[in-house]
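Student: I have a model open and want to go through its packing and pairing. Can we take it step by step?

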Amino acid sequence: MDLWFSEYHTPNVKLAIRVDRQLYAGQSEFQRIDVFESPEFGRFLTLDGYMMLTEKDEFIYHEMIVHVPLAVHPHVRRVLVIGAGDGGVIRELTRYPDIEHIDMVEIDPLVVTVAREYLPKTACSLEDPRVSIHYEDGLKFIRRCEAAYDLIIVDSTDPFGPGEGLFTREFYGNCYKALREDGIMVNQHESPFYQEDAIA
């Protein structure tokens, strides 16, 4: 019997990947978490049925969201990462010896636990001594910050479920307040590939 994971992009388009086996299935307080193994993409993580990353190509996303801002900001010392429970952003940040401290704010501890066990190549730097993991809502965490960070990276899910508050005016205003004068913010903001996404 063939097993396939399918993700619908529009009523007319879906992505389907053949699955060898399901390695993990669980429900946290916030979302359903699954890890599958596939012959083409290796292991992959889904949250509430949406693809988050695959072992084969996660580096493309994580390298772009980290290395581009670090290429243009000459003195990043303190970084805030919101989301990123899979650890890929942290892995890329820890390649920079000049970074002194990284706060990672992840709402769902189970995502981190699952990534550590099933995606160790992605989650390999979560134990770096410069990393402090805070299990709380990024929207609430950022309210307490002022002129604290050189770089903020928002690696959230799309604007529904636990990530919904990270797409509000309040959140962006608080991020601006949390950045130092020459700070940079980068965020995952979906893809305008399909017409209905570009309009929304």
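Student: Which residues touch the most other members of the largest nonpolar core?

Tutor: Keep in mind that this model is predicted. The largest nonpolar core holds 20 residues. Helix 1 (58–72), strand 7 (78–83) and strand 10 (149–155) are among the elements that give two or more residues to this core. The residues that touch the most other members are Val79, Val81, Val89, Ile90, Leu93 and Ile102.

Student: Which residues does Val89 touch, not counting residues up to four places away in sequence?

Tutor: Val89 belongs to the largest nonpolar core. With those sequence neighbours left out, Val89 touches His62, Ile65, Val66, Val81, Ala84, Ile153 and Asp155.

Student: How many residues of strand 10 are buried?

Tutor: Buried means under 20% relative accessible area. Strand 10 is largely enclosed by the rest of the structure, because its buried residues number seven of seven.

Student: Which residue of strand 11 stands opposite Val154?

Tutor: Strand 10 runs parallel to strand 7, joined by five bridges. There, Ile82 stands opposite Val154. Five bridges also join strand 10 to strand 11 (residues 179–187), again parallel. In strand 11, the residue opposite Val154 is Asn187.

Student: How far away is the cysteine sulfur nearest to that of Cys145?

Tutor: A disulfide needs two cysteine sulfur atoms within 2.5 Å. The whole structure has zero disulfides. Cys145 is in none, and the nearest cysteine sulfur, that of Cys175, is at 8.9 Å.

Student: Is Cys145 buried or exposed?

Tutor: The cut-off for buried is under 20% relative accessible area. Cys124, at 47%, is partly exposed. Cys145 has 8% relative accessibility, so Cys145 counts as buried.

Technical notes. Residues are numbered from 1 along each chain as its sequence is written. This is a predicted model: local features need pLDDT of at least 70, side-chain atom pairs count only at pLDDT 80 or more; totals for chains, interfaces and linings use all residues. Side-chain values use heavy atoms; hydrogens and water are left out. Buried means under 20% relative accessible area, exposed over 50%, partly exposed in between (1.4 Å probe, protein chains only). A nonpolar core is a set of buried Ala, Val, Leu, Ile, Met, Phe, Trp, Tyr and Cys residues joined through side-chain atoms within 4.5 Å. Helices (H or I, at least four residues) and strands (E, at least two) are DSSP runs, numbered from the N terminus. Contact means heavy atoms within 4.5 Å. Two strands pair if DSSP finds at least two bridges between them.
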